[in-house]
Structures are given as C-alpha cells and as structure tokens.
Amino acid sequence: MLPWCLAGFQIFQATQILIYAIAILGLNLLIGYSGQISLGHGAFYAIGAYGTAILMMQGAWPWWAAIPAAAAMAFVAGMVLGLPALRLEGHYLALATFALAIAVPQLLKHETLESWTGGVAGLYVTRPEPPAWIDPDRWIYYLALLAAVLAFLATRNLLAGRIGRALTAIRDNPLAAEAMGINIHLYKCAAFGISALLTGLAGGVSALAIEFVAPESFSVYLSVFLLVGLVVGGVGAIPGGVLGAAFIVLAPNLATQISTAATGVIFGIFVVVFMYALPEGCWGLITRGWHRLAGRHGASHPIPLPVPPGKPAPLPRSAPPRDGRG
C-alpha cells in the first residue's frame, strides 16, 4: 500500500530504493558470503540496463522477456570476470573490478558500439503501457517490488542450502573448505555470476523506471555507492540491503536540503558517522536490540546477527538457569 500513500517524486524514490536493494543484495552475496571484494558492480548494473534498453527498443522485445535476458547477459559477464578473479584476492581483486567499472562506460561510448548503445547521447526507453486501473509510476513500483521479492526469496533459499554453506566455508577458511571436498573455483565463479545476475536485474528494472540509459549514469561512483549501501545496511545481512538502499537514495537528498554548496561533504560526514556509530550496519543495530529484548523476555528464537567476512558465526547463548546459579 506504500505507493498509494505517496505521490510524484516520492514514489520514484521508493522505486529506486527497491532497485538498489536488489543490486546491493547481489553485492552482498559476493562480499558478505563468498568473501570476494568488488568495486565494479556498476558495470553489471550498466549491462542489465543497456541490455534491456537495446532488446526493447531495437529488438522489439517485451519488457518481461528483455529484463531476464539482460540479467542473463550480466550473469555471463560475471562468470567471465570470475575466471581471472580466481587468481586474485583482496585489494588485487578490488583493483581488477575497479578497472571494469572504469572501462565499461568508455566502451558504451565507443564508435563501434554507437549504433547499439547510442554513444554519448544514450538511449531512450519507451515504458510499456500499464493496466488501466493504475498509473505508470505506481505500476513501475509494483514491478520493482515483484523483482525485489523474487530476488530476496531466491537468495535466501540459495544461501540456506548447500551453496550457501559452501560459500561461507570458502569465505571463512579456503584451505579447510578445499580439504572438505568443496570445489573452490566453481563456487567462486558461481558467486560472481549470481551476484552479477542480481545486479543486472536491478539495472534492467531501472531502465524502465528512468526511461533513459547513458554512459554517465554508470560511472565508477555507482559502484562506490552500492558498496556504501552494503556497509551501511550490514555486510552479511540479507535484509540490510533495503536499509542500505534507503540510505544511498535519501541521504544525498537530505544533504542537498542542508547545503547545496557542500552536498558531497555532508554526505561524507553521514557515511563517517555511520561507520563509527554502526560498524555492523543498520541491521546489526536492529538485531542487537532484538537480542537484548529477547533476552529480557526469554524468547527462544532471536534473529541471527549478520556475520562480516572473516569472522566466525556467533554461538547461540543458552538461557540462564532459573535458580540463578551457574
């Protein structure tokens, strides 16, 4: 019911939060669960957006087929990037993905691809007609909501199964994981591919929401913003992606309202304050508050804390004896 309580630009902001939440979810799968660092997810976002725009405007594909196809393109690109990433770790991998984020916008402007991408001018995307009972802005919101729900449910089920346990084992101790028979190369490539697929899905939905794609919209700053949203929401916490997306959408607008001359400075202060006050992210604050409340009222199933990369999962704490001893 949220879009019926909002109007105009507020509906667009809510839609952007859902779109960025999907992209941050993909980045969280890579960093929070497989332990691989990426500063280039803006490139996969661009592949999803441009793929959707090209298929719809030049291939006459319907939107419901163009968006999954563009996400599949991003998946292939993620798998291709995952192959050389097998030999890179830490800041070396971060620099390799950072180079990808710089290169993709330049490739989109290149004259050999200009007939497809529109070059510097970009491409306009004609939004399909919504049903008669709803206006276009609310229809796009529900489309983004559907994509977000499917993405979060699929990711939760994926991480709760064998693949999730294998990724966590690789993140915590690769040597021990390999000794247990886990194919590290396969799972690392799969993590890159699935992460890119989710980010490409977000880019495809954004092409419909904004109705325009251009190389400048997918600069390296987009990758940095996604990383900021991940850290603010909580690394290793699936629901934290929504909170991080809300931050990167709403915080710049709030900074602009405070001062139009120093927007970047104020936004940077917001980020620094969040890092000092909430080192485990917003979802970490929520879970710690829930744990304290559950401890006072004797709840037996508190929600789990997010587990940052490199840290073991917290052990469950048993309830103290009723007589107070021990």
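User: What is a disulfide here, and how many does a search of the whole structure find?
Analyst: A disulfide is a pair of cysteine sulfur atoms within 2.5 Å. This is a predicted model: local features need pLDDT of at least 70, side-chain atom pairs count only at pLDDT 80 or more, and totals for chains, interfaces and linings use all residues. Residues are numbered from 1 along each chain as its sequence is written, and side-chain values use heavy atoms, with hydrogens and water left out. Disulfides found across the whole structure: 0.

User: Is cysteine 282 buried or exposed?
Analyst: Buried means under 20% relative accessible area, exposed over 50%, partly exposed in between (1.4 Å probe, protein chains only). Cysteine 282 has 17% relative accessibility, so this residue counts as buried.

User: Is cysteine 5 buried or exposed?
Analyst: The relative accessible area of cysteine 5 is 64%. The cut-off for exposed is over 50%. Cysteine 5 is therefore exposed.

User: Which helices do the buried residues of H4 pack against?
Analyst: Helices are DSSP runs (H or I, at least four residues), numbered from the N terminus. The buried residues of H4 include Ala65, Ile67, Gly78 and Leu81. They pack against helix H3 (41-57), helix H5 (90-109) and helix H10 (184-210).

User: Where is serine 195, and which residues does serine 195 touch?
Analyst: Serine 195 sits in helix H10. At 0% relative accessibility, serine 195 counts as buried. Contact means heavy atoms within 4.5 Å. Not counting residues up to four places away in sequence, serine 195 touches Gly26, Leu27, Leu29, Leu30 and His41.

Notes: Helix = DSSP H or I, 4+ residues; strand = E, 2+ residues; numbered from the N terminus.
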